[in-house]
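Please look over the sequence and the structure shown here.

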Amino acid sequence: PEDGCWSRSTGDGGATRDTPDIIRTCLAARALVSAGEEAGSSNVKSAFDWLVKRQNADAGWGFRRGEPSAILPTCFTLLALIRTAQNATSNRWKDEITRGLQRLMGFRNNVGSFGAGLLQAVHTIHAVLVVQAARECEFAIVATAETEAIRWLLDQPDEAMSTVEEQISIDATGGAKWGLTFNKDAVLLAG
């Protein structure tokens, strides 16, 4: 439906439509780059251009266009954009990334974690992965964000090692609901 995105087929009662999917687009673009496709190739460039166009005014990303920024789509998008270049200087999306990193820090709690509720540990794990990637690629970050978040996770073993599901709606009609299931200890080990 839109140039650059990897969509998901959704529908009710037989009629299907392609719905833009920010998470699927992030994963596909990262897979292409990891497989050796250049960031300037038409497939990768159009995916990243699509992602950058979806950045909200507050510099984060929502699951769907027009939705408020949320931690997970912000993390997935930042990680995809950061991993396209070896360092901040050579990254063509450095301004969008810098603004997005500032927005991500806005999700940070005074105890070092990110987000709240059942997904607080999942949000914190993904934020740590982004902060680590940003640091490795020499983006400016809050120096204590990584260590405080990891410390929070280690101090909350029951929070950091369980399975949770986040329900999201990527269909503009609200008809299709999708769940992202996280086995948090596996996410923690994968980082």
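Predicted model: local features only at pLDDT ≥ 70, side-chain atom pairs only at ≥ 80, totals over all residues.

Residues are numbered from 1 along each chain as its sequence is written, and side-chain values use heavy atoms, with hydrogens and water left out.

**Overall fold**

The protein has eight helices and four strands. Helices (H or I, at least four residues) and strands (E, at least two) are DSSP runs, numbered from the N terminus. Along the sequence their order is β-β-α-α-α-α-α-α-α-β-β-α. Of the 191 residues, 48% are buried, where buried means under 20% relative accessible area, exposed over 50%, and partly exposed in between (1.4 Å probe, protein chains only). Among contacts with a separation of 6 or more, 57% join residues 24 or more positions apart; contact means heavy atoms within 4.5 Å.

**The core**

The largest nonpolar core holds 42 residues, and Ile 82 and Leu 104 have the most contacts inside it. Such a core is a set of buried Ala, Val, Leu, Ile, Met, Phe, Trp, Tyr and Cys residues joined through side-chain atoms within 4.5 Å. Two or more residues come from each of helix 1 (22-34), helix 2 (42-53), helix 3 (71-82), helix 4 (94-106), helix 5 and helix 6 (145-155). Helix 3 gives the most, with nine residues. Leaving aside neighbours within four places in sequence, the contacts of Ile 82 include Asn 91, Ile 97, Leu 101, Val 130 and Phe 139.

**Helix pairs**

Two pairs of helices are set out in the table. Axes are lines fitted to C-alpha atoms, for helices over the stretch in contact, and angles run from 0 to 180 degrees between N-to-C directions.

| Pair | Angle | Axes |
|---|---|---|
| Helix 1 and helix 2 | roughly 145° | within 10 Å |
| Helix 3 and helix 4 | about 145° | 10 Å apart |

Helix 1 passes helix 2 in a left-handed crossing, and the crossing of helix 3 and helix 4 is left-handed. A crossing is left-handed if the near helix is turned anticlockwise from the far one by less than a right angle, and right-handed if clockwise. In helix 3, Ile 71, Thr 74, Cys 75, Leu 78, Leu 81 and Ile 82 meet Ile 97, Gly 100, Leu 101 and Leu 104 of helix 4. By class, this contact of helix 3 with helix 4 has eight nonpolar, two polar and no charged residues. Ala, Val, Leu, Ile, Met, Phe, Trp, Tyr, Cys and Pro count as nonpolar, Asp, Glu, Lys and Arg as charged, and the others, Gly among them, as polar.

The buried residues of helix 1 are Ile 22, Ile 23, Thr 25, Cys 26, Ala 28 and Ala 29. They pack against strand 2 (15-20), helix 2 and helix 3.

Just after helix 5, Glu 138 takes a positive phi of about 70°.

Phe 114 lies in the loop between helix 4 and helix 5. Phe 114 is buried, with a relative accessible area of 1%. Leaving aside neighbours within four places in sequence, its contacts include Ile 71, Leu 104, His 123 and Ala 149.
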